Amino acid sequence: MAHIVADPCVKCKYTDCVAVCPVDCFHEGVNLLVIDPEVCIDCGLCPPECPTSAIFAEEDVPANQQHFTALNAELAREWKPITRTKLALPDAEEWRLVEAKLGELKR
């Protein structure tokens, strides 16, 4: 099983999770990170590091965010890996508690 980055990450893109990943499974888009399920070893280090609680074990992804499982796999094939932390998006704090942000995703 892999971990999944879900809706709370959209328009925030904090990278605290990247710093603790032992296998570099995160990939970076314009306003979202995703996890490559083929690389993730399910170590569980990343969820507690996420300031928006956007990372879930695959079996724990909320029902209304299940589509992020396939989206992580798809976008991980398209986007480049990210292996070090960066600053969050400039308006991340404004978006941090906003829900249902999939429409804001930039591919």
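Helices (H or I, at least four residues) and strands (E, at least two) are DSSP runs, numbered from the N terminus. The model is predicted: local features need pLDDT of at least 70 and side-chain atom pairs pLDDT 80 or more, while totals for chains, interfaces and linings use all residues. Numbering starts from 1 along each chain as its sequence is written, and side-chain values use heavy atoms, with hydrogens and water left out.

**View 1. An open sheet of three strands in the order β3-β2-β5.** The pairing in this sheet is antiparallel; two strands pair if DSSP finds at least two bridges between them. β3 (33-35) and β5 (80-81) are at the edges with a single partner strand each, so one side of each has no neighbour in the sheet. Strand β2 (residues 26-28) is joined to β5 by two bridges. Glu28 has Lys80 in β5 as its bridge partner.

**View 2. Helix α2 across the sheet strands.** Helix α2 (residues 67-78) lies across β2, β3 and β5 and runs at about 105 degrees to β3. Axes are lines fitted to C-alpha atoms, for helices over the stretch in contact (heavy atoms within 4.5 Å). Angles run from 0 to 180 degrees between N-to-C directions.

**View 3. The salt bridge between Glu28 and Lys13.** The closest N and O atoms of this pair are 2.8 Å apart. A salt bridge is a side-chain nitrogen of Lys or Arg within 4 Å of a carboxyl oxygen of Asp or Glu. Glu28 is in strand β2 and Lys13 is in the loop between β1 (3-5) and α1 (16-20), so the pair ties together parts 15 residues apart in sequence. The whole structure has four salt bridges.

**View 4. The largest cavity, of about 70 Å³.** It is lined by 14 residues, and those closest to its centre are Cys21, Pro22, Cys25, Cys43 and Cys46. On a 1 Å grid over the protein atoms alone, a cavity is a set of points where a 1.4 Å probe fits but cannot get out; lining residues have an atom within 4 Å of a point. A volume is the space filled by probe spheres set on the points.

**View 5. The second largest cavity, of about 50 Å³.** Its lining includes Val5, Lys13, Leu33 and Thr52. The structure holds two cavities of 30 Å³ or more.

**View 6. The largest pocket, of about 250 Å³.** Asp7, Pro8, Gln65, Glu99 and Ala100 lie nearest its centre, among 14 lining residues. A pocket is an open set of points with protein on both sides within 12 Å along at least five of seven lines.
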